[in-house]
Amino acid sequence: MGLLTIGAFAKASRLSPKALRLYDELGLLAPARVDPVTGYRLYAPEQLERARLVAWLRRLGMPLARIGEVCDLCESDAAAAAREVRAFWARTEAETAARRDLAAFLIDHLSWKDPVMSPTSSTAEPLDIRYAALSDTGLVRESNQDTAYAGPRLFAVADGFGTGGAPAGEAAVQVLKRLDAEGVGAGVPAGDLLNALEDAVERAGLAVRDIAGADPAPRDTGTTLTAMLWTGSRLALVHIGDSRAYLLRAGELFQITHDHTLVQSMVDEGRLSPEEATSHPQRSLLLRALTGGMGGAGGAADIRLHDARPGDRYLLCSDGLSSVVPTEDVRHVVTAARDPEQAVRELIALANGAGGPDNVSCVVADVLEPEPGRQP
């Protein structure tokens, strides 16, 4: 039998032509020959076995990077490949069990209508909060395009880019600071609070567009924005770009934002491992940000509520910290620092100690039990 066209091979392997083109680009399933004139991909019949294995493993939910390893292993040691599939499925079942337990917790939690999660205003006793913010140019950049802010109700980090990056980040944070000045948050129903944040982000996007309007390359000007609005018992989070928010709770550090970058999307799709992503040359290429394009925002911001507990410590930072300092080192400082002021100073020092290749900004906020006798 001669070579098969991509259409015939797709039908035989039960993989779509689009999937076959992707697998070729990733080096997972290269065609036997590419026609030098038409560019058509042609496949050998003996490639069908590998193609079907790829299809089965994708249906299993295995990431593409690991599928390549299993397929390569299968050609030399089928038993070892089987062990890899068994190990993957054991981990998948463990993760599914963990999600099942979390789902059971949430169902129980929401069924009791915890006032902190209620769509109406919270009746929980207000907590106290202590905070600090610090921004630094770093050791390489000539100017600082970051903006860091911490106030009684608002914590924010913006990382500007392009020739108008610094004023773009500042403008976005200034819009959100109005929520702080107006006291938005306390006693506001959850739905109204999220709507207020959504409106503020839209205004921030328009402010960035105005800044970019004076720039010769407006589409190259923009900013990330990660901010939290304090209500007294909850934190409303807004996030767009690759600045980050972390939560330290019970000694564990959790990243509670998702990077809006090309590399993160490749990790999500299984095309890159988290380890590969840290050194990828395009790791800072943003898919979403507040930009100078028409409409203000390049993609929608993530907006949601977080319950606050006494003892929680929140960290907001630009990628001048998260892309330079290992997460374990960040966790150590955030855990050990006696107060937010010490935490932000030591985190900035860590980034500069690692070469300070970028501007770096940090905001740290501690959630505390209310002081006895304090009036709400």
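In the protein chain, residues 24 or more positions apart account for 66% of the contacts with a separation of 6 or more, a contact being heavy atoms within 4.5 Å. The structure is a predicted model, in which local features need pLDDT of at least 70, side-chain atom pairs count only at pLDDT 80 or more, and totals for chains, interfaces and linings use all residues. Residues are numbered from 1 along each chain as its sequence is written, and side-chain values use heavy atoms, with hydrogens and water left out.

Of the 376 residues of the protein chain, 45% count as buried (under 20% relative accessible area, with a 1.4 Å probe and protein chains only). The secondary structure comprises 12 helices and 16 strands; these are DSSP runs, H or I of at least four residues for helices and E of at least two for strands, numbered from the N terminus.

An open sheet of 5 strands has the order β4-β16-β15-β10-β11 and antiparallel pairing, where two strands pair if DSSP finds at least two bridges between them. Its edge strands, β4 (128-136) and β11 (252-255), each pair on one side only. Neighbouring strands of this sheet are turned against each other by 15° on average, direction ignored; axes are lines fitted to C-alpha atoms, for helices over the stretch in contact, and angles run from 0 to 180 degrees between N-to-C directions. Strands β15 (residues 313-317) and β16 (residues 360-368) run antiparallel and are joined by 5 bridges. Arg 313 has Asp 366 of β16 as its bridge partner. Helix α12 packs on the sheet and touches β4, β15 and β16, its direction making about 155° with that of β16.

The axis of α12 (residues 340-353) also comes within 9 Å of that of helix α11 (residues 327-336), and the two cross at roughly 155°. The crossing angle therefore makes α11 roughly antiparallel to α12 (the class for angles over 145 degrees). The contact is made by Asp 329, Val 330, Val 333 and Val 334 of α11 and by Ala 343, Glu 346, Leu 347 and Leu 350 of α12. These residues divide into 6 nonpolar, no polar and 2 charged.

A further open sheet is formed by 3 strands in the order β1-β3-β2, with antiparallel pairing. Strands β1 (4-5) and β2 (33-34) lie at its edges, each pairing on one side only. The antiparallel pairing of β2 with β3 (residues 41-43) extends over 2 bridges, and the bridge partner of Arg 33 in β3 is Leu 42.

Definitions and conventions: Angles under 35 degrees count as roughly parallel, over 145 as roughly antiparallel, 65 to 115 as roughly perpendicular and the rest as oblique. Ala, Val, Leu, Ile, Met, Phe, Trp, Tyr, Cys and Pro count as nonpolar, Asp, Glu, Lys and Arg as charged, and the others, Gly among them, as polar. Buried means under 20% relative accessible area, exposed over 50%, partly exposed in between (1.4 Å probe, protein chains only).
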